[in-house]
Amino acid sequence: MHSLNVTVPSSTGVAMAGTIDQPVHPAEAYAIFAHCFAGSRHTPGASRISKKLTEYGIATLRFDFPGLGQSEGNFRDTSFSQNVDDIVAAAQWLEEHYSAPQLLIGHSLGGAAALKAATRPELKKKLKAVATVGAPFDPAHSVLHYADKIHEADTSGSVVVTLGGRELEISREFLLDLAETDPQTYLPTLRTPLLLVHSPIDQTVGIDNAQTIFRLTRYPKSLMALDKADHLLTRQGSAQRAADIIGSWATQYIDPEFVPEPTTDTTAVSYSARGTRFGDVVRTSNRSIATDRAKNSGGRGQGVTSTGLFMSALAVSTSQAVREAARGMKLDDVRVAVTHHDGARFTRAVTLVGDLSDAERAQLLGAASRSRVDTFIGAATIETTLV
């Protein structure tokens, strides 16, 4: 996974700070993540979900709304409707510089904004899927906790509230915009496949919000429970589980923009891993393996080493050779441990479990040293060409 910081123009021209989390190989699809009310692109929900989605081949742009995080602008001058416009602006920027987003994700109020943005004509034709996490049905829900201060906003034009230890000024216009937003007018017009991820124990935005959204929207749609998760997804592993739900669901709808070169059991192809010095993604038998050098060898330790791949191949090949030779014997299990000591010196320890005679054990040990990988060692012919 590689993260790239970018600057994205908002709907009003204000510079928004963004980060694109990319897979190590070319992205199969792009997504946009809208963070929660008064949060930023670095909140657990935004950062952890976006990073985890790279494992599904999805590159995600997460950005700070104006006046929040590292973006320019004043939060007092923003509104929910402007946030919706900012999502559209971010999508247009992403399409211009990378690729049109196929997936739109929003957390909490960002989820409410994503739902409305998904009904905009600028996005309707290109979006393949929309997912929300802990989204309120009514966007005004986000400020109901400050109901006692609304009168102050009516009187003075704004009200200062403290969120996460930071003071934010909410304008009267912001509140009016929320009050005038009626999700019942636009949710039924949503035509994009929808996934609602919500915690049944969410004390900030109750599960009934997801149920109401579900009732108002059309199929295809899904509602998935994110068990034991708090609203901000701060509990260890909850954001990653949300990402797994979203990633596995979205793959049925997105159109892959990058299709890895097909490989058979007799070929292996490696691609340099983006954002690494020695990392690669190697594909064989149409499966991918992330590889890298160890940190003490100049790598980042973000994948299996080439030595590890060799030891793994030797261990697997040995196990298969033993089981093939054990036909008719009472072999219950076989364990092979290969250890690299130094230079080209390895040891291989074979453990046989079962009701076996001494002769049978000796026979299987002999088979272990005649595995397919053993036949390659010292006998392989490798011709290298420049393509």
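## Exercises on a predicted model

S108 counts as buried because its relative accessibility is 8%; buried stands for under 20% relative accessible area, exposed for over 50%, and partly exposed for in between (1.4 Å probe, protein chains only). This is a predicted model, in which local features need pLDDT of at least 70 and side-chain atom pairs count only at pLDDT 80 or more, while totals for chains, interfaces and linings use all residues. Residues are numbered from 1 along each chain as its sequence is written, and side-chain values use heavy atoms, with hydrogens and water left out.

**Exercise 1. Find where S108 and H107 sit, and list what H107 touches.**

*Step 1.* Start with the strand: H107 belongs to β5, which covers residues 103–107. Helices (H or I, at least four residues) and strands (E, at least two) are DSSP runs, numbered from the N terminus.

*Step 2.* Move on to S108, which is in the loop between β5 and α3 (109–117). S108 is not a glycine, yet its phi is positive, about 60 degrees.

*Step 3.* H107 has a relative accessibility of 1%, so it counts as buried. Leaving out residues up to four places away in sequence, H107 touches F33, A34, H35, C36, G45, V133, H231, L232 and L233; a contact means heavy atoms within 4.5 Å.

**Exercise 2. Check the span of helix α2, then name its buried residues.**

*Step 1.* The expected span is 1.5 Å times one less than the number of residues in the helix. Helix α2 (residues 80–97) has 18 residues and should therefore span 26 Å; its end C-alpha atoms are 26 Å apart, which agrees.

*Step 2.* The buried residues of α2 are F80, Q82, N83, V84, D86, I87, V88, A89, A90, A91, W93 and L94.

**Exercise 3. What covers the buried residues of α11, and is D342 buried or partly exposed?**

*Step 1.* Helix α11 (residues 358–368) has L364, G366, A367 and A368 buried. Their cover includes α10 (306–325), β14 (331–342), β15 (345–354) and α12 (372–376).

*Step 2.* D342 is in strand β14. With 45% relative accessibility, D342 counts as partly exposed.

*Step 3.* D342 and I289 are 53 residues apart along the chain, and their C-alpha atoms are separated by 25 Å.

**Exercise 4. Describe the chain as a whole, using its radius of gyration, box and buried share.**

*Step 1.* The radius of gyration, taken over C-alpha atoms, is compared with the globule rule of 2.2 Å times the number of residues to the power 0.38. A compact globule of 387 residues would come out near 21 Å, but the chain has 27 Å.

*Step 2.* Along the principal axes, the C-alpha atoms fill a box of roughly 95 × 50 × 40 Å.

*Step 3.* The chain has twelve helices and 15 strands, and buried residues make up 48% of its 387 residues.

*Step 4.* Take contacts between residues at least 6 apart in sequence: 63% of them join residues at least 24 apart.
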